[in-house]
Amino acid sequence: MHESWQQFWAMGGYAGYVWSSYAIAAVVIVGNIVAPVIAHRQIARRIKNEEFDD
Amino acid sequence: MVETHYASTQFTIYLQRNGVGVLAKSAFMLWLHRFGSLPYFYRVSRPIALALAVPGVLLAAYGVYGGLVNAPVDYQQGDAFRILYIHVPSAWLSLFGYTSMAIAGAVALVWRLKLAEIFVVAAAPVGASFTFLALVTGSIWGKPMWGTWWVWDARLTSELILLFLYLGVIALHNAIESPRSAARACALLSVVGVINVPIIHFSVEWWNTLHQGPTVTRFGRPAMEMAMLWPLLCAALGFTLMFGWLTLWNMRVQLLRRERRSRWVKKVFSDA
């Protein structure tokens with residue numbers, strides 16, 4: 001438990017370590033969400049444009 | 001009327017001869033066959049992914065919030081221990097993901113189930129990124145606690161090898177032109193590489209490492225206070241559901257790439 005928000009952000013002096021960990025995690029997770037959505041959109045467009053028809 | 005009666009009699013005879021177990025088995029096989037059907041999978045995977053995403057994100061957010069805000073401060077590590085709530089779920093997923101790939105790989109090799117092949121390829125980038133997260137957050141945690149970013153001890157080294165195994169599966173898939181052979185090579189690598197999973201898990205017991213021993217999967221005296229443990233379990237379960245969600249989306253993409261010339265794919269996209 002933290003006494004105040006200021007203390008919460010300070011993380012007992014470990015702010016740099018804690019927050020950089022969570023920031024990197026956020027980037028990796030968002031990347032994992034966005035990448036397949038973009039890839040799906042791309043492949044769907046190419047199929048619709050009949051790029052794979054012989 | 002007579003025909004219905006005849007059918008129900010036949011059904012009773014079938015049950016008497018084969019028992020309910022066989023009926024359940026054939027129902028399961030029918031379900032498996034249906035689920036193995038690619039258009040069916042493509043259609044249902046989207047709502048299933050959503051059903052995993054919503055509770056997964058909520059649980060993970062609740063767990064991380066609980067760990068960062070509500071959990072009491074650690075008496076030895078101060079607030080630095082709060083990295084735990086991202087580090088442990090990531091590390092858990094790195095092992096869970098690879099094990100699931102190995103199981104799917106075995107299924108792909110034995111029964112040549114296309115969806116199992118696709119699962120192996122689709123889970124690899126998700127597993128690799130969470131393994132990367134486990135390593136990076138562990139490193140960031142190690143600096144203030146151990147005084148170093150990295151040591152070549154058993155736990156850290158075996159986890160790094162796991163990352164290379166994941167990257168190996170991805171590289172192998174990209175390197176082989178024929179999708180079928182690529183998928184089978186990936187399945188084989190994931191089955192062989194699973195030997196590393198118990199090595200990682202038990203490394204802290206088998207060898208003298210800087211990494212701490214198990215706290216969650218330990219019997220007897222709880223090694224962690226409930227107020228600390230509870231958010232961790234929520235985050236780990238949330239991450240696991242998210243793994244299912246993200247892997248399903250990757251599977252949908254891989255499926256379209258492999259089946260792009262098939263008639264059912266063209267039909268799906270000509271209607272829309």
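A crossing of two helices is termed left-handed if the near helix is turned anticlockwise from the far one by less than a right angle. In the predicted model described here, helix H2 (residues 38–70) of chain B passes helix H8 (residues 226–258) of chain B in a crossing of this left-handed kind. The axes of H2(B) and H8(B) come within 6 Å and cross at roughly 155°. Because angles over 145 degrees count as roughly antiparallel, H2(B) and H8(B) are roughly antiparallel to each other. By class, the residues of the contact between H2(B) and H8(B) comprise 27 nonpolar, seven polar and two charged.

The two helices belong to a chain built without strands: chain B contains nine helices and zero strands. Read from the N terminus, the elements of chain B accordingly follow the order α-α-α-α-α-α-α-α-α. The C-alpha trace of chain B spans about 80 × 45 × 40 Å along its principal axes.

A further packing within chain B involves helix H4 (residues 114–146) and helix H6 (residues 179–193), whose axes lie 9 Å apart at an angle of about 70°. This angle makes H4(B) roughly perpendicular to H6(B), since the range from 65 to 115 degrees is counted as such. H4(B) passes H6(B) in a left-handed crossing. On the side of H4(B), the contact is formed by B:Lys114, B:Glu117, B:Val120 and B:Val121. These residues meet B:Arg180, B:Ala183, B:Arg184, B:Cys186, B:Ala187 and B:Ser190 of H6(B). Five residues of the contact between H4(B) and H6(B) are nonpolar, one is polar and four are charged.

Chain B also forms an interface with chain A. The contact takes 43 residues from chain B and 28 residues from chain A. The size of an interface is often given as the accessible area lost when the parts come together. Between chain B and chain A, the buried area is about 3,100 Å², of which carbon and sulfur atoms give 75%. Within chain B, the residues that lose the most area to chain A are B:Leu68, B:Asp79 and B:Phe269, which together account for 17% of what that side buries.

The axes of H2(A) and H8(B) come within 9 Å and cross at roughly 20°. H2(A) is therefore roughly parallel to H8(B), and the crossing of H2(A) and H8(B) is left-handed. The residues of the contact of H2(A) with H8(B) divide into 13 nonpolar, three polar and two charged.

Notes. Residues numbered from 1 in each chain as written. Chains lettered and ligands numbered in written order. Predicted model: local features only at pLDDT ≥ 70, side-chain atom pairs only at ≥ 80, totals over all residues. Heavy atoms only, no water. Axes fitted to C-alpha atoms, helices over the stretch in contact; angles between N-to-C directions. Helix = DSSP H or I, 4+ residues; strand = E, 2+ residues; numbered from the N terminus. Parallel < 35°, antiparallel > 145°, perpendicular 65-115°, else oblique. Contact = heavy atoms within 4.5 Å. Nonpolar A, V, L, I, M, F, W, Y, C, P; charged D, E, K, R; others polar. Buried area = accessible area lost by both parts, 1.4 Å probe.
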